[in-house]
Amino acid sequence: MLDQFRLAELVKPFIAIRPGSYTAGTTNGPAQSTAGFSGALFTPIAGDLGASATWDVKIQESDDGSTGWTDVPNSAITQLTADDQTPMIDVKLTPARKAWLRAVSVVATATSGVGVMGQLYRPSGMPGAYPIAQAIATKFC
């Protein structure tokens with residue numbers, strides 16, 4: 001299956017929240033167009049959470065990428081309270097989904113080193129929750 005596609009044609013990585021040191025508060029990531037993709041995978045990276053800090057990440061969607069942002073159902077991680085955690089949020093891009101996504105990061109209590117990486121993936125015809133990993137496993141395992 002991997003012979004038919006180059007990995008660069010199947011996956012578009014992007015920075016959803018730039019890695020850095022964030023004081024307590026909310027950070028909205030940049031809008032990301034989902035045109036031509038079947039899913040989006042977000043990986044929050046909790047580097048060094050400050051003393052007693054908590055970190056929440058959720059995904060929002062918009063029709064135009066600038067206004068009307070709403071939470072994507074079931075797209076929030078369980079609140080992180082420890083360093084070096086990397087949960088994943090997989091968003092299926094169904095016809096009901098809006099055209100733009102962004103990550104929203106909320107650091108509470110103490111300055112923390114965090115970031116969120118994103119990947120848009122395709123094609124929709126590949127079965128399974130993670131088609132890229134499935135294609136690689138089919139080819140090499």
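## The nonpolar core

Among the 26 residues of the largest nonpolar core, those that touch the most other members are Phe42, Trp55, Ile59, Val91, Leu101 and Val116; such a core is a set of buried Ala, Val, Leu, Ile, Met, Phe, Trp, Tyr and Cys residues joined through side-chain atoms within 4.5 Å. Two or more residues each come from β1, β4, β5 (54-62), β7 (89-92), β8 (100-108) and β9 (112-121), strands being DSSP runs of E with at least two residues, numbered from the N terminus. The largest share, four residues, is given by β1.

The model is predicted, so local features need pLDDT of at least 70 and side-chain atom pairs count only at pLDDT 80 or more, while totals for chains, interfaces and linings use all residues. Residues are numbered from 1 along each chain as its sequence is written, and side-chain values use heavy atoms, with hydrogens and water left out.

## An aromatic pair

There is one aromatic pair, where rings of Phe, Tyr and Trp (its six-membered ring) pair if their centres lie within 6.5 Å, and planes under 30 degrees apart count as stacked, over 60 as edge-to-face and the rest as tilted. Because the planes of Phe14 and Phe42 stand at 85 degrees, with ring centres 5.7 Å apart, this pair is edge-to-face. The pair links distant parts of the chain, 28 residues apart, with Phe14 in strand β1 (residues 11-22) and Phe42 in strand β4 (residues 39-48).

Phe14 is buried at 10% relative accessibility, and Phe42 is buried at 1%, where buried means under 20% relative accessible area, exposed over 50%, and partly exposed in between (1.4 Å probe, protein chains only).
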